[in-house]
Amino acid sequence: LFRRSIAESVYASMWFGDVEGVVSNISSFDGFLRRLLNINEKGGNLNNIYVLSDHEDRSVVEILTSAWRAAKPTLRNIASDGNLVFYVSSDIYDGYQFYLDDNGLSNCTQTIATGRPVLTYHGIPLVEVAANDYGIKIASSFAILTDRRNFILALNTADSPEKEIHLWYNPDEMENRQRAVFLAGTAIADEALISAYIFHDLTIV
């Protein structure tokens, strides 16, 4: 249970962490979404990271198509390498699945080695990034096209002087307590290998 809790916390921070607490209440380190927003704030749409306050309905296919068409040649040219991926929020993932079902295209999936089917758009896998359980306040809808190796999570549980994994029993509260301290952080290797749309108040049709 303790290991699973740590893994869930790291996952949430990896995507939705925000040191300033603007995007979420997870503030240990900045996650990928906060880093994308920072890039957008510095360079605007020149970096192909679009942040939209969108109150109009949009189709999920329109969103995925826009991300593909907005991608720089350096990103589109590596499609044949097989490492491109769409990281998408749950509403976009579900919307695309319903779109395939409604149009009789449910077989437009790839089956990976484990036998689990994967949704794909033009051969590019969609990976759902669930946010509902982590108190996300803004930017809860997004589609990010990138090389899967471009987003880096670093964990160091060996060399940190503050490293600690401790479990104890509190007799006053009659509760088991746990604490884990280690180094962690995220990085984006190449900003040019990203094409992202981040929406506020998006309605998928």
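Buried residues are those under 20% relative accessible area, exposed ones are over 50%, and partly exposed ones lie in between (1.4 Å probe, protein chains only). The model is predicted, with local features requiring pLDDT of at least 70 and side-chain atom pairs counting only at pLDDT 80 or more, whereas totals for chains, interfaces and linings use all residues. Residues are numbered from 1 along each chain as its sequence is written, and side-chain values use heavy atoms, with hydrogens and water left out.

Helices (H or I, at least four residues) and strands (E, at least two) are DSSP runs numbered from the N terminus. Helix H2 (residues 32-43) has twelve residues. Its end-to-end C-alpha reach of 16 Å is close to the 16 Å expected at 1.5 Å a residue, the expected span being 1.5 Å times one less than the number of residues. Phe32, Leu33, Arg34, Leu36, Leu37, Ile39 and Asn40 of H2 are buried. Their cover includes helix H1 (2-16) and strands S1 (49-53) and S7 (141-147), where contact means heavy atoms within 4.5 Å.

In H1, the buried residues include Val10, Trp15 and Phe16, and what covers the buried residues of H1 includes H2, strand S3 (84-89) and strand S6 (124-129).

The axes of helix H3 (residues 60-70) and helix H5 (residues 90-102) come within 9 Å and cross at roughly 115°; axes are lines fitted to C-alpha atoms, for helices over the stretch in contact, with angles from 0 to 180 degrees between N-to-C directions. H3 and H5 are therefore roughly perpendicular, a term for angles of 65 to 115 degrees. Val60, Val61, Ile63 and Leu64 in H3 meet Ile92, Gly95, Tyr96 and Tyr99 in H5.

Key:
Angles under 35 degrees count as roughly parallel, over 145 as roughly antiparallel, 65 to 115 as roughly perpendicular and the rest as oblique.
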